[in-house]
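Hi,

Here is the structure for you to look at. My notes on what turned up follow below it.

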Amino acid sequence: MAGPGSEPGELSDAELLQLLLAEPGDRALQPGDSGKPNSSSDLPLESFSEVLTGDSAAEKVKRKRAQTPLEKYYLKYLCVTDLSTQSWCEQQMVYGRELPQLQAPETVVLLNTGKSIHLARELEVHDVVKVHTTSKEDSWAIKILNLLSMIPVLQAGGCVRELPVFGVIEDVFLMGIIDELCYSAKGELELRELKTRGRPFMPSGAQKKRDYFQVCLYKYLFDAMVQGQLKPDVLTSHIYLRLKQPLGLQIREHAQKAGFTVTCFGDLLELMYLNLTLSDIPSIDCLKIEYSHQESNTLLGTEVVQFEEEKVREKAQYYLAYWKGQREVQGVEIEEAWKCRSCSYSEICDWRKKRAEGPEQRSGPKKSK
């Protein structure tokens with residue numbers, strides 16, 4: 001794919017990288033060139049300037065455009081939980097991605113127990129089978145087939161769990177997994193998110209705020225899907241999936257058992273778009289979060305969440321600005337410094353050290369509320 005145009009005489013990013021990565025033997029000989037390294041007398045005047053200033057091709061590329069976090073971590077999409085974790089502490093989220101080995105053992109146990117509980121709940125409503133994949137298109141095909149299998153259940157007024165959702169916000173592709181969708185006695189479509197806790201009491205206001213944002217993002221993505229906004233080219237353009245890629249044998253067999261005859265990935269995308277667009281599944285009417293104690297399996301309480309689309313978009317825009325390289329990473333404000341007491345990364349946290357050094361060391365805009 002061609003890159004952005006350059007001014008005459010200016011090297012593109014690709015050309016600069018090619019110069020940087022080229023071995024001496026890769027360079028084409030010019031008239032009068034012996035192929036040996038040039039002596040200082042052979043260097044033009046501008047080359048002397050580059051030697052003196054240390055302006056290598058790599059530095060030119062770096063100055064031209066720094067890597068965004070999405071590029072740094074080789075991410076083509078984000079999970080909804082990436083953004084909701086940012087709302088707790090963005091700096092902690094970054095350390096968690098870069099230094100997962102520093103995570104406290106009790107936190108790992110808590111997370112693994114939560115995953116086991118969610119899997120047990122999923123198995124209550126449907127079986128989980130392993131399917132062999134041979135390409136990244138196969139991996140995404142499984143997600144889409146799971147979604148397609150749940151559409152008729154919702155159309156019939158049933159309950160589904162672990163429903164995948166996809167979509168784009170601020171030109172960044174997001175995906176997530178909704179814990180449960182079902183209909184209330186009034187016929188309203190309810191999203192129910194289960195949060196398991198290690199302690200037998202309800203979470204703090206800051207923790208609830210993180211969870212509220214998570215379920216609001218789920219609703220935003222799901223509603224856009226059933227309104228026909230998830231077109232096939234959305235996935236292919238953001239995640240670089242190949243429409244004509246043949247699906248693996250086990251994927252095709254699994255699809256046939258579900259009532260779908262497909263040969264390539266593009267067939268599956270068309271089926272997903274048509275099934276979502278032509279279905280009469282409504283938008284989500286109600287958002288609920290259920291908090292449960294892991295050890296005793298006791299329900300601690302239920303929160304009903306108000307969805308305000310403008311505020312959800314505003315918060316998402318702020319958090320995605322970090323991933324797009326539009327601002328630096330932010331930690332917690334001083335009034336929320338109590339979060340650092342339970343953080344696995346508090347001893348190495350640069351943000352915490354800067355806050356301790358005083359206001360003159362702080363940089364970046366104040367975190368959005």
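This is a predicted model. I begin with what covers helix 5. Around the buried residues of helix 5 (80-88) you will find, among others, strand 1 (78-79), helix 6 (90-98), strand 3 (172-183), helix 9 (205-226) and helix 13 (309-323). Seven of the nine residues in helix 5 are buried. They are Val80, Asp82, Leu83, Ser84, Gln86, Ser87 and Trp88.

Trp88 also takes part in a charge-over-ring arrangement. The charged end of arginine 210 sits over the tryptophan 88 ring, 5.4 Å from its centre. Lysine 315 has its charged end over the ring of phenylalanine 213, at 4.6 Å from the centre.

Next, helix 8 (136-155), which holds glutamate 137. Glutamate 137 counts as buried because its relative accessibility is 0%. Its side chain makes a polar contact with the side chain of arginine 242, at 2.8 Å. Leaving out residues up to four places away in sequence, glutamate 137 touches Leu241, Arg242, Gln245, Leu247 and Phe265.

Now the aromatics. The whole structure contains ten aromatic pairs. One of them joins tryptophan 140 and phenylalanine 166: tilted, 5.6 Å between centres, 55° between planes. Tryptophan 140 is in helix 8 and phenylalanine 166 in strand 2 (160-169), so this pair ties together parts 26 residues apart in sequence. Both tryptophan 140 and phenylalanine 166 are buried. Ring pairs also link Trp140 and Phe166 with Tyr77 and Phe173 in a cluster.

Best wishes

Key:
Residues are numbered from 1 along each chain as its sequence is written. This is a predicted model: local features need pLDDT of at least 70, side-chain atom pairs count only at pLDDT 80 or more; totals for chains, interfaces and linings use all residues. Side-chain values use heavy atoms; hydrogens and water are left out. Buried means under 20% relative accessible area, exposed over 50%, partly exposed in between (1.4 Å probe, protein chains only). Helices (H or I, at least four residues) and strands (E, at least two) are DSSP runs, numbered from the N terminus. Contact means heavy atoms within 4.5 Å. A polar contact is a pair of N or O atoms within 3.5 Å; within protein, one must be able to donate a hydrogen and the other to accept it, and residues adjacent in sequence count only if both atoms are side-chain atoms. Rings of Phe, Tyr and Trp (its six-membered ring) pair if their centres lie within 6.5 Å; planes under 30 degrees apart count as stacked, over 60 as edge-to-face and the rest as tilted. A charge sits over a ring if NZ of Lys or CZ of Arg is within 6 Å of the ring centre and within 35 degrees of the ring normal.
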